[in-house]
Amino acid sequence: MTMKRLRTASSLIVVAMLAGCNDKGGDPSKQYGSNPDIPESHQYVIPPMSVPQAVGWKEGETPTVPGGLRIQAMANGLMHPRVVYPLSNGDILVVESNGPGTKPFRPKDYISGLIKARGGSADKGGNRITLLRDADGDGVPESKTVLVDHLHSPYGVAVVADTLYVANTDAIIAYPFKPGQTEIKEPGTKLTDLPAGPINHHWTKSMVASPDGSKLYVGVGSNSNVAENGLDIEEDRAAIFEVDRLTGAKRLYATGIRNPTNLALQPGTGQLFAVVNGRDENGPDADPDYLSLIKEGGFYGWPYSYWGQHVDDRVQPQKPDMVAKAIKPDYGLSSHVAALGLAFSQGQTVSPQFTTGAFVGEHGSWNRDPLNGYQVIFVPFADGRPNGAPIPVVTDFLAQDKKTVRGRPVGVALDRTGSLIVADDVGNTVWRVSGAAATH
Amino acid sequence: MAKLVGRHRTPRPLHPLFVGLGGALLMAALFTDSMYFSNALMQWANFSAWLITGGLVLALIGALVLVLDYMLGRAGPISWPDFGLLALAATLSIVNVFIHTRDGWTSVVPSGITVSALVTILLLIAGLRGWCVTGVKAPARGDNA
């Protein structure tokens with residue numbers, strides 16, 4: 001009898017402790033804007049997880065765009081396209097890439113890798129840049145060539161002064177490149193090293209050139225979710241660097257930015273903005289990814305706190321002086337959307353409603369139920385800052401049943417016609433959204 | 001033609017070896033948890049996660065060998081107090097291995113190290129009782145006839 005009671009009691013404990021994992025995420029719209037709802041952080045025995053199965057696009061299937069707009073595939077059969085970079089002559093550079101892989105630290109690392117692989121995140125990257133030539137601007141490329149191959153997990157690119165700068169995961173490489181060229185034969189030269197191993201948890205190195213082209217800004221993600229691999233390997237991580245384009249000299253421009261997955265300059269002001277991914281396993285609505293102006297010398301909280309002064313108990317020892325310094329970001333995008341793409345509207349866009357603001361590519365959540373993200377949104381700006389509810393632009397990457405996903409948006413950019421170009425790393429496609437006027 | 005069966009040939013169960021090995025790993029996790037509690041160096045918490053995982057794998061092997069002991073007729077009647085102690089320790093350790101998948105401080109403090117301490121107490125009692133879930137099989141009457 002005693003033993004039976006003991007066994008009943010122990011199974012009750014398990015049930016009670018596992019019950020925490022049934023927490024459902026709330027309405028994402030509560031977390032849009034400058035004053036998002038930030039719930040208390042919550043620690044789970046098993047964190048909420050929901051990963052739709054990656055299935056790819058069937059012939060003729062496309063994501064959905066609002067009425068009056070048109071979407072077409074510019075290229076498919078790519079190898080994990082992450083970033084798109086249109087040139088002034090109409091050519092589009094497509095960076096095909098994935099992480100170099102990390103060594104497991106804990107038993108958990110084996111499991112979480114398998115879970116994320118279900119959503120297509122583990123597919124092999126091309127480690128190359130493909131050039132799509134669309135000289136007549138109809139969205140149907142006349143040619144597709146490999147511009148440069150054998151890169152090392154590339155992500156950010158910038159063309160300045162007849163030079164193509166590629167931010168590999170461990171270094172910026174410079175290649176001589178004149179727009180019009182479809183192939184680069186010369187080997188690149190290393191401009192500077194970037195923080196990479198060991199671990200290299202967040203491997204992407206986003207990059208944008210300053211308005212005068214003298215500097216390159218490079219986003220370097222943290223080496224962990226929330227410093228659980230130790231603080232010593234977080235040196236120079238979770239930061240944005242400013243690199244001198246000619247000498248390669250670099251300095252920290254801003255810090256405490258967990259994962260600055262993309263950077264962009266605001267047209268007109270030239271100010272640096274970033275989309276940043278918030279931490280995981282902190283609850284379905286903690287904490288929001290954000291879009292923010294990045295202040296020079298600013299500290300944005302990671303790992304000690306999020307959204308200003310919300311302390312993360314998982315970091316030990318805590319640093320109240322750093323928490324006090326943490327800057328609140330401008331605009332919440334809601335939690336776990338995995339904002340990876342950022343492009344400012346340049347005026348001549350696909351629709352008048354997108355005149356002033358920024359497009360954000362949301363790769364989609366794994367650490368939240370119901371799912372969040374899996375779309376491209378437009379964030380309107382007013383007085384130079386994000387303001388107002390986001391407008392979904394490219395949707396239905398998820399299938400209707402939400403159990404499978406056909407593609408996942410990453411990098412976004414506007415081409416010379418104002419059309420929106422979207423990299424889709426699970427559908428292995430580059431999409432082009434054009435306005436009614438731009439169609440032929 | 002009668003075969004001589006000495007009393008020292010009484011078959012003994014095999015499972016205590018695996019139960020004891022697994023128990024040692026689970027108890028060691030209390031040590032690594034307390035090291036992490038005192039110095040906050042993540043590697044100690046990583047050790048804990050591996051020790052609890054290893055302890056649970058050995059517990060599973062121990063359970064399979066227990067079944068084998070019965071099939072081979074090496075085990076006597078089950079001892080419910082020992083079985084209960086070990087079953088509870090294993091159940092708590094399953095919860096504990098999930099607690100230890102959290103990131104950073106909360107993977108150990110306060111719940112992880114508390115569960116590790118409870119498991120260690122249960123296992124100390126089970127260990128002092130001999131890591132054995134069954135009685136030793138008594139030679140059946142007539143075996144020596």
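**View 1. A:Val360 and the residues around it.** Leaving aside its neighbours within four places in sequence, A:Val360 is in contact with A:Val275, A:Leu291, A:Leu333, A:Ala339, A:Gly341, A:Leu342, A:Val376, A:Ile377 and A:Val379. "In contact" here says that the two C-beta atoms, placed from the backbone, lie within 7 Å. A quick heads-up: this is a predicted model, where local features need pLDDT of at least 70 and side-chain atom pairs count only at pLDDT 80 or more, while totals for chains, interfaces and linings use all residues. Residues are numbered from 1 along each chain as its sequence is written, and chains are lettered from A in the order in which they are written.

View 2. A nonpolar core is a set of buried Ala, Val, Leu, Ile, Met, Phe, Trp, Tyr and Cys residues joined through C-beta atoms within 7 Å; buried residues have 20 or more other C-beta atoms within 10 Å of their own.

**View 3. Chain A as a whole.** Chain A holds 3 helices and 30 strands (DSSP runs: H or I of at least four residues for helices, E of at least two for strands). Of its 440 residues, 52% are buried. The C-alpha atoms fill a box of roughly 80 × 50 × 45 Å along the principal axes.

**View 4. Where chain A touches chain B.** Chain A puts 26 residues into this contact and chain B puts in 22 residues. On chain A's side, helix H1 (2-18) and helix H2 (107-118) are the elements that give two or more residues. H1(A) supplies the largest share, 7 residues. Sorted by class, the side of chain A has 13 nonpolar, 6 polar and 7 charged residues (nonpolar: Ala, Val, Leu, Ile, Met, Phe, Trp, Tyr, Cys and Pro; charged: Asp, Glu, Lys and Arg; polar: the others, Gly among them).

**View 5. Two helices crossing in chain B.** The axes of H1 (residues 15-39) and H4 (residues 111-128) of chain B come within 9 Å and cross at roughly 145°. These axes are lines fitted to C-alpha atoms over the stretch in contact, with angles from 0 to 180 degrees between N-to-C directions. Among the residues making the contact are B:Gly20 and B:Leu26 of H1(B), and B:Gly112 and B:Leu123 of H4(B). By class, this contact has 10 nonpolar, 7 polar and 1 charged residues.

Terms used:
Buried ≥ 20, exposed ≤ 12 C-beta atoms within 10 Å, placed from the backbone.
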